[in-house]
Amino acid sequence: TYSTRCQDRTPGLWRCEAAAPPAALPSCFSDRVLVLCISPDMTLLSTGVVAPEPPPGSAAADKPEQKMMEKRAKVIEELLQTEADYIKDLEMCVEKVLIPLQDKQLQQVDCEALFGNIQTVIDISKRFLEELEESDSIGRVFLCHRNELQDMYNVYCQNHEEAIALLEMYEKDREIQGHVNACLEHLR
């Protein structure tokens, strides 16, 4: 099991240290892994960093905090948009690739092994996004979903090698490749 330890160095700023070397990560992760540690009290409105106060009447008054708030809002907006796009892409994959392949009833295609727990990923991601959109405490949403997300992606990673092997095998089969290419054409 790969885990991280987060240490609170200053209010609102967290430092993460890996409890296992990158080699312990499942092979479906790239060698560059972003580990996100979030303070449970992090909200859209909290900056977590106290800026030095400029002299009264200065044009710089409230600017550092305002800039930090704007940056945080942009990051959260990008997070929400990325998650929404991810869900849309997964749903399109199910609609345009998985379902048509299942409808063809090709006995040699193992859709369950190939697409794994994609519907679970969609369902959990939708709930996760919904809570992110409704909450002003992004950190708490991540922490509440941490175990569920980890369990879901553990299943995904455990099936990744088999899915890649199946894809490589299917690439050699002209009939299957023709059906897959027809599905992929609908995505363009």
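From the N terminus on, the elements of the chain run β-β-α-α-α-α-α. The secondary structure therefore comes to five helices and two strands. The model is predicted. Of the 188 residues of the chain, 25% count as buried. Among contacts with a separation of 6 or more, 65% join residues 24 or more positions apart.

Two packed helices are described by the angle between their axes and the distance between the axes. Helix α1 covers residues 63-104 and helix α5 covers residues 174-187. Their axes lie 9 Å apart, and the packing angle is about 150°. An angle over 145 degrees counts as roughly antiparallel, and α1 and α5 are therefore roughly antiparallel to each other. The crossing in which α1 passes α5 is right-handed. On the side of α1, the contact is made by Met92, Lys96, Val97, Pro100, Leu101 and Lys104. Helix α5 contributes His179, Val180, Cys183, Leu184, His186 and Leu187. Sorted by class, the contact of α1 with α5 has eight nonpolar, two polar and two charged residues.

Next comes the loop between α1 and α2, where Gln105 lies. Most residues other than glycine have a negative phi. Gln105 has a positive phi, near 50°, and is a residue other than glycine. With a relative accessibility of 66%, Gln105 counts as exposed, because the cut-off for that class is over 50%.

Gln108 is found in the loop between α1 and α2, the latter helix being residues 111-115. Its relative accessibility is 34%, so Gln108 counts as partly exposed. Leaving aside residues up to four places away in sequence, Gln108 touches Tyr170, Asp173, Glu175 and Ile176. For one of these, Tyr170, the separation from Gln108 is 62 residues in sequence and 8.9 Å in space, C-alpha to C-alpha.

The aromatic side chains remain. A pair of aromatic rings is described by the distance of the centres and the angle of the planes. The structure holds two aromatic pairs. In one of them, the ring centres of Phe128 and Phe142 are 5.2 Å apart and the planes meet at 80°, so the pair is edge-to-face; planes over 60 degrees apart fall in that class. Buried means under 20% relative accessible area. Phe128 is buried, at 4%, and Phe142 also counts as buried, at 19%.

Tyr153 and Tyr156 form an aromatic pair that is edge-to-face, with 6.4 Å from centre to centre and 80° between the planes. The centre distance is within the 6.5 Å limit, which is why the two rings count as a pair. Tyr153 and Tyr156 are three residues apart in helix α4, so about one helical turn separates them. Tyr153 is partly exposed, with a relative accessible area of 26%, and Tyr156 is partly exposed as well, with 42%.

How values were computed. Residues numbered from 1 in each chain as written. Predicted model: local features only at pLDDT ≥ 70, side-chain atom pairs only at ≥ 80, totals over all residues. Heavy atoms only, no water. Phe/Tyr/Trp six-rings, centres within 6.5 Å; stacked < 30°, edge-to-face > 60°. Buried < 20%, exposed > 50% of the residue type's maximum accessible area, 1.4 Å probe, protein only. Helix = DSSP H or I, 4+ residues; strand = E, 2+ residues; numbered from the N terminus. Axes fitted to C-alpha atoms, helices over the stretch in contact; angles between N-to-C directions. Parallel < 35°, antiparallel > 145°, perpendicular 65-115°, else oblique. Left-handed = near helix turned anticlockwise from the far one by under 90°. Contact = heavy atoms within 4.5 Å. Nonpolar A, V, L, I, M, F, W, Y, C, P; charged D, E, K, R; others polar.
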